[in-house]
Amino acid sequence: SSTDWKHISCPTDFPRLIGYPPAQLMGGPSILSYISPECILQHILPFLDLTSLHQLSLTCLTFNHLVVDHISTGSSLLLTPELRRKIKEVHLRTVADVTSCLRVLDVSGCADGVTNTALRLFIQHNPGLEHLKGGGLPCER
């Protein structure tokens, strides 16, 4: 079943999720006239890393809602090596608060962001989390 994306109650401050200042959200891009939001959610967003999702969320309010919906219902998050070096604990905690369906989480290399508090939030908010990798120690439920 597809998500009813038009009625998603989500924060419009996704830029703060990964520690970037918020930008003013502008009118929707014309691509939405050709591709359905469901197609974007199912076939495009799963292949974007967290930085790319953040950039997309800044383009318009519609993409902001789609990105937050994707993060909240996605089964994994892609973190690039560059983002792993930059991300802080507060950013991981904020992302953890939004997620609920993660099955795989790899936070290895996020030295400043991986804390017991952040990991505990991911585990609490994602009961289906099966694979957790962080600090060089892979774990499975």
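Leaving aside neighbours within four places in sequence, which residues is Val107 in contact with?

**Figure 1. Contacts of Val107.** Val107 is in contact with Leu79, Arg84, Leu92, Val114, Leu119, Lys133 and Gly134, leaving aside its neighbours within four places in sequence. Contact means heavy atoms within 4.5 Å. This is a predicted model, in which local features need pLDDT of at least 70 and side-chain atom pairs count only at pLDDT 80 or more, while totals for chains, interfaces and linings use all residues. Residues are numbered from 1 along each chain as its sequence is written, and side-chain values use heavy atoms, with hydrogens and water left out.

**Figure 2. The chain as a whole.** The chain has 6 helices and 3 strands. From the N terminus, their order is α-α-α-α-α-β-α-β-β. Helices (H or I, at least four residues) and strands (E, at least two) are DSSP runs, numbered from the N terminus. Of the 141 residues, 40% are buried. Buried means under 20% relative accessible area, exposed over 50%, and partly exposed in between (1.4 Å probe, protein chains only). Among contacts between residues at least 6 apart in sequence, 74% join residues at least 24 apart.

**Figure 3. The largest nonpolar core.** This core has 30 residues. Leu45, Leu50, Ile71, Leu77, Leu105, Val107 and Phe122 have the most contacts inside it. A nonpolar core is a set of buried Ala, Val, Leu, Ile, Met, Phe, Trp, Tyr and Cys residues joined through side-chain atoms within 4.5 Å. Two or more residues come from each of helix 1 (37–43), helix 2 (50–57), helix 3 (61–73), helix 5 and helix 6. Helix 3 gives the largest share, 5 residues.

**Figure 4. Helix 2 against helix 3.** The two helices pack at an angle of about 150°, with their axes 7 Å apart. That makes helix 2 roughly antiparallel to helix 3. Angles under 35 degrees count as roughly parallel, over 145 as roughly antiparallel, 65 to 115 as roughly perpendicular and the rest as oblique. Axes are lines fitted to C-alpha atoms, for helices over the stretch in contact, and angles run from 0 to 180 degrees between N-to-C directions. Helix 2 makes the contact through Leu50, Leu53, Leu56 and Ser57. Helix 3 uses Phe63, Asn64, Val67, His70 and Ile71. His70 is buried, with a relative accessible area of 9%. Not counting residues up to four places away in sequence, His70 touches Leu41, Leu45, Pro46 and Leu53.

**Figure 5. The buried side of helix 5.** His91, Leu92, Val95, Ala96 and Val98 are the buried residues of helix 5. They cover an arc of only 160° around the axis, so they lie on the same side of helix 5. The arc is that of the directions from the helix axis to the C-beta atoms. Their cover includes helix 2, helix 3 and helix 6.

**Figure 6. Two sides of helix 6.** In helix 6 (residues 116–125), Ala118, Leu119, Leu121 and Phe122 are buried. Their arc around the axis is only 155°, which puts them on the same side of helix 6. Asn116 and Gln124 are exposed on the other side. The buried residues pack against helix 5 (89–98), strand 1 (104–106) and strand 2 (131–134).

**Figure 7. Leu102 in its loop.** Leu102 sits in the loop between helix 5 and strand 1. Leu102 is buried, with a relative accessible area of 0%. Asn126 is 24 residues away along the chain, yet the C-alpha atoms of Leu102 and Asn126 are separated by 5.6 Å. Not counting residues up to four places away in sequence, Leu102 touches Gly74, Ser75, Ser76, Leu77, Phe122, Asn126, Gly128 and Leu129.
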